Structure formats: C-alpha cells, structure tokens
Amino acid sequence: MVVDVAVDPSAPPGCEGRRRSPGPILATLAVLLVAVVVALTASSFRTGSRADEPRTPPPAATPASPTSADQGTGETLPATSPPADLPVIDYNPAPAGFPPDPDPLSTVRLGEGLHPIRRVGAYDAPGGRPLAFLAPTIRGVEVTMPIVERRAGWAAVLLPSANRTIAWVPPGGWTTVPLRDLLVIARATNELFWLRDDMVVRTWQVTLGHPRTPTPLGRTFILGRSSLSGRVYAGTDVFALGAVPDDPDALPPGLRGAHIGIHTWYHDRDLGKNVSDGCIRLTRKGQEELLDEIRPGTGVVVVDTYAPPAT
C-alpha cells in the first residue's frame with residue numbers, strides 16, 4: 001500500500017501531501033518505507049479477517065453474479081499452454097498487454113471471487129495469448145480476485161497490481177468464493193460506503209489523495225492486510241488494495257512501487273480533505289470494524305459521485 005510519508009506523529013497535519021526536499025530525513029524515510037512497504041510477508045501481510053463470522057445477520061438476498069455471455073452454456077474455448085518463463089503476477093507492477101476493465105466505474109457488487117489452487121495462466125482474451133501466471137498466493141498470502149465476466153468457459157478477474165485492468169483465466173486450477181460486500185469511495189464528498197448484500201451498512205468521512213497524488217478511480221479489490229509499525233496507523237492493520245498509484249513518479253521515492261491502502265491515522269483532523277498520497281484514511285473505529293468484517297477479494301470501487309441504494 002502507499003504508506004503515508006509522515007512517520008512522525010508530531011508532524012504537521014497534511015504533511016503527507018507535501019513534498020520534502022532531499023536530505024537525511026528523506027533518506028531515512030526511504031529506507032524505512034522500503035522495509036515496510038516492499039518486505040511484505042505472511043507474518044505482516046495476511047488475510048486474517050473474521051469476515052467469515054459477520055456481526056450483521058445475513059439477509060435472504062442472493063449474491064450478485066458477474067455478467068456472462070454464456071452463463072455456463074455453449075462451447076468452451078481451449079487455452080494455449082503458457083510458456084514456463086512467463087512472469088508471475090506479484091506485488092510489483094503487473095506486465096502490460098492485458099485488456100482494460102470493461103466497466104471500471106460500475107458500483108454493482110461482484111458477488112464471486114476466483115482463488116487459484118495452483119499456478120494458472122492469465123490471458124488477454126478467452127482462447128487468447130497467455131501473458132503471465134496467477135499464483136495461489138502473493139508473498140505467502142492467499143489471493144482472491146473478483147470475477148467481472150464469464151465467457152466461453154473462461155472467467156475475467158480484476159488483475160492485482162494494476163489499475164482498471166482484467167485478465168482472462170481458463171477453466172481448471174481455481175475455485176470460487178462468495179463475496180457479500182462492496183466498498184464504494186466517492187471522491188466528490190470524501191465518503192466511504194460499506195455495503196453488504198447491496199444494502200448500506202455504514203458510511204464514513206474519509207481522507208483521500210492530494211490533487212498531485214489522487215486516489216485512483218475505478219474498480220479494485222482488497223488484496224490483503226498488513227501490520228505496520230509506527231503510531232501513525234493508531235495500532236491498527238492496513239488493507240492493501242490491488243490498485244497502485246496512477247502516477248508513481250509523483251510520489252516520494254520511498255513510496256514508488258507501493259499499493260494504495262485503506263487505513264486509519266493518528267488523528268482525524270484531515271477527514272473530508274484531500275491530503276494523502278492516494279490512500280483512503282478513515283477513523284480508527286471504522287477501520288477496526290472493516291478489519292473484522294471484510295474479507296480479502298472484496299470489491300472496492302472509487303468513483304467521483306455516488307448515490308447509495310434506497311433502504
């Protein structure tokens with residue numbers, strides 16, 4: 001995730017949106033941030049949410065399904081065997097060549113996630129070119145990706161470590177899990193909406209990205225969670241998203257190559273403002289509730305404006 005620059009709680013409000021001149025402080029921060037952001041392991045970046053035991057009673061609603069051209073009928077297109085030397089998608093930026101998300105600003109819940117049970121090929125289209133592999137884990141953490149479409153026996157998923165991009169996965173080598181939740185972030189009003197089974201559960205005021213480092217628009221998902229040192233995170237875990245900054249060069253050097261995150265902050269004075277390096281910051285109580293309830297693979301969509309469904 002993009003870890004905020006201000007690692008000192010005594011720093012002035014909004015300092016993560018400012019750019020420091022090079023010097024010993026920046027050099028020290030770069031070392032700290034590389035260690036924190038890049039060295040994500042199973043002990044620090046994990047899926048340990050209690051989302052399987054939600055406090056909210058499950059209603060009778062049926063989870064939303066991804067769009068499908070054949071809904072399980074028709075001919076399945078064969079897959080070309082991927083070369084063994086293809087890259088494996090990990091926390092670093094995904095390789096180029098994958099197609100764009102067909103509906104990146106959709107706020108329709110994606111009710112099904114794909115979890116590889118072995119290494120599987122990631123293609124540019126059903127029956128198309130293999131460009132990479134998707135593994136069951138990224139640095140020891142199980143990966144679940146929301147399914148956005150099904151066609152000819154294949155499933156399209158939101159790609160980790162890329163923005164507004166999908167990959168097509170042939171049948172076999174993966175399983176599916178239900179996804180009941182959706183997080184919607186509205187940039188115009190600096191609000192985060194948590195929906196379960198298409199009904200709003202909670203709404204929070206949030207801090208979003210500075211105009212130089214805006215929170216990226218579009219659909220992404222909860223990739224995992226991380227425990228980071230430092231009082232700036234108020235002793236709570238951080239959600240790492242599949243999304244990355246749209247302009248990594250606008251970030252301080254120590255944050256380039258990191259992911260966008262959802263986390264709390266050591267004070268709430270910046271809620272409703274745009275001062276972060278792209279991350280979404282909410283209250284400690286709100287973050288703790290999401291950590292308890294939201295499972296990895298859950299869809300997250302950032303839009304400019306949002307009208308929640310009527311209750």
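The following is a conversation about a predicted model of one protein chain.

Colleague: What kind of model is this, and how are its residues numbered?

Modeller: It is a predicted model, in which local features need pLDDT of at least 70, side-chain atom pairs count only at pLDDT 80 or more, and totals for chains, interfaces and linings use all residues. Residues are numbered from 1 along each chain as its sequence is written, and side-chain values use heavy atoms, with hydrogens and water left out.

Colleague: What is the average pLDDT of the chain?

Modeller: The average is 82, and 77% of the residues score at least 70. The term pLDDT stands for the predictor's confidence in each residue, from 0 to 100.

Colleague: Where does the pLDDT stay under 50?

Modeller: It stays under 50 over residues 3-44, for which the model has 84 contacts beyond four places in sequence. A contact here means heavy atoms within 4.5 Å. Residues 47-72 also have a pLDDT below 50, and that stretch has 55 contacts in the model beyond near neighbours in sequence.

Colleague: How many helices and strands does the chain have?

Modeller: There are 2 helices and 21 strands. Both are DSSP runs numbered from the N terminus: helices are H or I runs of at least four residues, and strands are E runs of at least two.

Colleague: What share of the chain is buried?

Modeller: Buried residues make up 54% of the 311 residues. Buried means under 20% relative accessible area, exposed means over 50%, and partly exposed lies in between, with a 1.4 Å probe and protein chains only. The accessible surface of the chain comes to about 12900 Å², of which 56% belongs to carbon and sulfur atoms. Those areas come from the Shrake-Rupley method with a 1.4 Å probe; for residues, only the protein chains shown count as cover.

Colleague: What does Leu114 touch?

Modeller: Not counting residues up to four places away in sequence, Leu114 touches Val143, Thr144, Met145, Ile147, Ala155, Val157, Val169, Trp174 and Thr175.

Colleague: Let us look at β16. Which strands does β16 pair with?

Modeller: Strand β16 (residues 218-226) pairs in the antiparallel sense with β21 (residues 299-303) over 4 bridges. In that pairing, Gly218 has Val302 of β21 as its bridge partner. Two strands count as paired if DSSP finds at least two bridges between them.

Colleague: Are the residues of β16 buried or exposed?

Modeller: The strand is mostly covered, with 9 of its 9 residues buried. Ser226 lies in β16 and has a relative accessible area of 0%. Its C-alpha atom is separated by 9.7 Å from that of Gly261, 35 residues apart along the chain.

Colleague: How is β12 covered?

Modeller: Both faces are covered: Asp181, Leu183 and Ile185 on one side and Leu182, Val184 and Ala186 on the other are all buried.

Colleague: Which strands pair with β12?

Modeller: β12 is joined to β13 by 6 bridges, running antiparallel, with Phe193 in β13 as the bridge partner of Val184. With β21 the pairing is parallel, over 5 bridges, and Leu182 has Gly299 as its bridge partner there.

Colleague: What lies between β12 and β13?

Modeller: The two strands form a hairpin with 4 residues between them, and Asn190 in the turn has a positive phi of about 50°. Most residues other than glycine have a negative phi. Asn190 counts as buried, at 5% relative accessibility.

Colleague: Where is Ala152, and what is its phi?

Modeller: Ala152 is in the loop between β8 (145-151) and β9 (154-158). Its phi is positive, about 50°, although it is not a glycine. Ala152 counts as buried because its relative accessibility is 12%.
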